[in-house]
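Here are some exercises to work through with the model open in your viewer. Try each task before you read its solution.

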Amino acid sequence: MTMTEREISTITAQVNGEVVEVPDGSTILDACRQAGLDLPTLCYGPTMTAANACRVCVVELEGSRTLVPSCSRKLEEGMDIRTGTERAEHSRRLVMELLGSASELDRSGDQLDSWIEDAGAEPSRFGPKAATVAAQPKIEDDLYVRDYGRCILCYRCVDACGVEHQNTFAITVAGRGFEAHISTEFDVALPDSACVYCGNCIAVCPTGALVGKVEFDMREDDTWDESRQGVTRTVCAYCGVGCNLDLHTQDGKIVNVTSPHDHDVTLGNLCIKGRFGWSYVSSAGDV
Amino acid sequence: MDLRALLDRPTDAERLAVDDLLGPSEEFNGRVAYGGHEARARRQLLLPALHACQDAVGSISRGALGYISERLTVPPAELYGVATFYSLFNTDEARGTTVHVCDDIVCSQYGAKGLLQTLEGSELSWEASPCLGQCERAPAVMFHSPGEGYGNAAPVDSDTVGNVVFDELPHGVVHQDQSQLRLLRRIGRIDPTSLEAYRGSGGYQTLTRAIELGPDGVISALDESGLKGRGGAAFPIGIKWRGVADAPGPDKYVIANGDESEPGTFKDRLLMEGDPFAVIEAMTIYGFATGSTKGYIYVRGEYPTAEKRLRDAIVMASEAGLLGTRVANAGFDFDLEVRRGAGAYICGEETALFASIEGYRGEPRQKPPFPTQHGVFGRPTGINNIETLLAALEVIEGGAGEFARVGTEQSTGPKLFCVSGAVEKPGVFEVPFGTTLGEILALAGGVRGGRGLGAVLLGGAAGVFVDFSFLDMPLTFEDTREAGATLGSGAVIVFDENCDFGPVLRRIARFFEEESCGQCVPCRIGTVRQSEALARLNDGETLGTVADELERLDDLARVMTDASICGLGQTAASAIQSAIRLQLRGAPA
Ligand SMILES: Cc1cc2nc3c(=O)[nH]c(=O)nc-3n(C[C@H](O)[C@H](O)[C@H](O)COP(=O)(O)O)c2cc1C
Ligand code: SF4
Ligand code: SF4
Ligand code: SF4
Ligand code: FES
Ligand code: FES
């Protein structure tokens, strides 16, 4: 008997009672999305292997003692998944409350705001004296700022700098428990570290803890206004690779450069010239 | 990979320490190094290399880190991340002799605070430490002198805490009569440093028996014996060994988990110190039965005597042809290596332990995949607790039927309990599964000073408090589960009727806060919020009403139990919630 392609390559499972069929190797999150459900994710990014750390994406899996992380748990034949049980919602809410109580999340974007609101999370319930990761922003050069009071320790920058994208290994998680933090060796300043200023860590940071210097300064001055910004797609002219660049402009000035995450060559990554070349031209970034 | 070396150069002492371990290197020129394949495979020497520097000079300096980074081709930032993960590695300025003072659950009841006050005014540098696994003679300390070594002392008092000693502490006294003992029968009776003595007492006959039975026969016997893991999860050993045996080889591993860091637990120390050859014999059989040619014994960093005994025993066994190629002239090879932890409770969790051996931060990972498929170095791995391994020897030696006759149907064989705290005779006790809690307390001489019982903490910090109403509970996996309790690691910590549980609960909460690896949010932040809530309740400064605080604690307990990656976060609220349920004195109410 020969197996049909379908038998080899797809898995059938249930999400909230609805049957879904997805390719083998898919995660529970993939199955949920196929069923038209979106779940919050913070440490998981589309271009990276799941770090599996934040636990904001947990769901209930029939037969499992604990909840399971949908971003990284592979779907298995016949799994029965529930996303909206009281238990799953409770954990998602608490995770957001805990995160919001420890880190400044006000530059994390609208999506997180709406997740927090939808979950009914109240980060302030742990009181004004709750320990936080508040820290002076590290401003060590003109290119980007590390504002770790906004860090949720999602591991994405470390993975982007290391095994996933950049292979530079300039930064790491150091320390343990609540003291764990992103650091260079002995916390040396970035210019003294192995950092090559590719900015690929900035591209994956979900909370604005890593941010271009121009954007940081404008936000501090309260002049950053995304509603007044436009995006122009170009191809980087520095070398022959041909990375796509998105130039973000506000009032006729370049305020940021990103690369589309869905670009099949760059996956959102750039090098120092592409990402920061414009700020050499003029620190004000005139177009 | 592109490596930038730190500018600082190692001192001669640091370089010597590392070269002693790794062999001499080409002249170190402070320049960039590029990692070949082989160099990367040396990453697993990272923890031993960090130990070498810490041992020699009392710190991991920039120069030392740079040198190790170059020798092992590991980026300095990553190396720093690993070094700062372990509490026994000091990345600050080097210190002289340091006293690690246990101020954990038991020792804090027996004078730890006084010791800390004494040291405060002394020349010695000191650190408060989680449980040192010497609870039967609390309060305990561990000394570390750069260039000299580690030593334990217990019990100590304000007069003796400053007397730095490196003598081996005698292992604990076994209070029971020889006729009651199987697992403990050699402890204190034969010389643990002599292979001859071990063989003279019947040692290595079990390996001969195992070779007769063949791998399949060994695993079938384990299956039939009903032996379940003693490390906390009660997983049937036969299924685990079969899983490794069935996995494709020969690149697979077996590991003895001697990380024993659960507060109130010291049975594995007794076995490793007092009967090291038995651990080695059991591991050899593990390798034989599963077709693994390499094994590790991971010993916690706070157990210097156990580590030394095991290392020495491995040398002796190798010289006698009982390890290495063609073990015991039978057709299999097996090598065994001791790995020393560096102060991290979480490294007892099996997947964290793998990461630690590999040279990474000891962070657990989500299961599945399970170790028998994907273990250390990504290869199929069997890992068992030390006591489980010694129980496996019993099964093979006396037969599965004989073994299963002891205990209950679901919990077969003998079990070790570590009784500490407010009893007359603290120590390790060996009893058949099914012995009641009250009987164990009686074996330990009852509550100290003839006082009434306050509560018993079963299973250590990750365990559950029970009170006098549980004295008739048989100590088995099934009975404790039914009663909402646990056996956990076999810790039985006794508190008398005068105990104020407030500080005990806060110490337990702090333990989890300090030992969380920090990877997942429920545990990293939840353990901190749990501590904060207990502190507020203790100080009468509640946010809202007491009921609000209890609700917050309950919310935290739920998210930690439901959504944490590993057992640490999943049990971090267990003891505290049980104390609240029992309304122990001083517990939030
Ligand atoms: C936080 C944590 C710490 C642990 N520490 C230990 C330990 O020190 N020793 C041990 O044998 N098992 C420990 N375990 C259990 C191990 O993960 C694993 O289940 C055990 O070693 C398997 O051996 P067994 O089947 O013989 O019990 C720990 C688990 C967790 C979650
Ligand atoms: S800018 Fe690039 S090299 Fe520097 S830390 Fe970020 S990812 Fe690493
Ligand atoms: S800096 Fe940003 S990307 Fe890095 S761990 Fe923190 S939140 Fe994640
Ligand atoms: S539960 Fe705690 S110890 Fe376990 S992985 Fe999460 S943070 Fe680490
Ligand atoms: S998104 Fe799944 S654990 Fe973070
Ligand atoms: S040695 Fe102090 S509590 Fe165990």
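Predicted model: local features only at pLDDT ≥ 70, side-chain atom pairs only at ≥ 80, totals over all residues.

**Exercise 1. Positive phi**

Solution. 
- Step 1: Asn167(A) has phi near 55°, a positive value in a residue other than glycine.

**Exercise 2. The nonpolar cores**

How many residues does the largest nonpolar core have, and which of them have the most contacts inside it?

Solution. 
- Step 1: Recall the background: nonpolar side chains in soluble globular proteins tend to be buried together.
- Step 2: The largest nonpolar core has 204 residues, and Tyr86(B), Trp241(B), Ile297(B), Phe465(B) and Ile508(B) have the most contacts inside it.
- Step 3: The element that gives the most to this core is helix α11 (residues 276–290) of chain B, with 10 residues.
- Step 4: Zoom in on Ile297(B): not counting residues up to four places away in sequence, its contacts include Val279(B), Ile280(B), Leu310(B), Ile314(B) and Ile386(B). Glu337(B) and Arg339(B) are also among the residues that Ile297(B) touches.
- Step 5: Another core, of 25 residues, lies apart from the largest one; among its members are Val423(B), Phe429(B), Val431(B) and Val447(B).

**Exercise 3. The shell around ligand 1**

Which residues come nearest to ligand 1, and how much of its accessible area does the protein cover?

Solution. 
- Step 1: There are 19 residues around ligand 1, of which Gly231(B), Glu260(B), Asn384(B), Asn385(B) and Thr388(B) come nearest.
- Step 2: Check the polar contacts. A backbone N or O atom of Gly231(B) is 2.7 Å from an oxygen atom of ligand 1. For an N or O atom in the side chain of Asn385(B), the distance to a ligand 1 oxygen is 2.8 Å. A polar backbone atom of Arg230(B) lies 3.3 Å from an oxygen atom of the ligand.
- Step 3: On its own, ligand 1 has 600 Å² of accessible area, and the protein covers 88% of this.
- Step 4: Two or more residues of the shell come from each of β8 (381–385) and α21 (567–571) of chain B. β8(B) gives the most, with three residues.
- Step 5: Sorted by type, the shell has four nonpolar, nine polar and six charged residues.

**Exercise 4. The shell around ligand 4**

How many residues surround ligand 4, and how do they divide by type?

Solution. 
- Step 1: Ligand 4 is surrounded by 13 residues, the closest being Cys517(B), Cys520(B), Cys523(B), Cys566(B) and Gly569(B).
- Step 2: This shell divides into eight nonpolar, five polar and no charged residues.

**Exercise 5. An arginine in a loop**

Is Arg125(A) buried or exposed, and which residues does Arg125(A) contact?

Solution. 
- Step 1: Arg125(A) is in the loop between α4 (110–119) and β6 (138–139) of chain A.
- Step 2: Its relative accessibility is 14%, so Arg125(A) counts as buried; the cut-off is under 20%.
- Step 3: Leaving aside neighbours within four places in sequence, Arg125(A) contacts Arg93(A), Leu94(A) and Glu97(A), and also Leu543(B), Glu551(B), Arg552(B) and Asp555(B).

Technical notes. Residues numbered from 1 in each chain as written. Chains lettered and ligands numbered in written order. Heavy atoms only, no water. Core = buried A, V, L, I, M, F, W, Y, C linked by side-chain atoms within 4.5 Å. Buried < 20%, exposed > 50% of the residue type's maximum accessible area, 1.4 Å probe, protein only. Helix = DSSP H or I, 4+ residues; strand = E, 2+ residues; numbered from the N terminus. Contact = heavy atoms within 4.5 Å. Near = heavy atom within 4 Å. Polar contact = N/O pair within 3.5 Å; in protein donor to acceptor, adjacent residues only side chain to side chain. Areas by Shrake-Rupley, 256 points an atom, 1.4 Å probe, with all protein chains shown as cover. Nonpolar A, V, L, I, M, F, W, Y, C, P; charged D, E, K, R; others polar.
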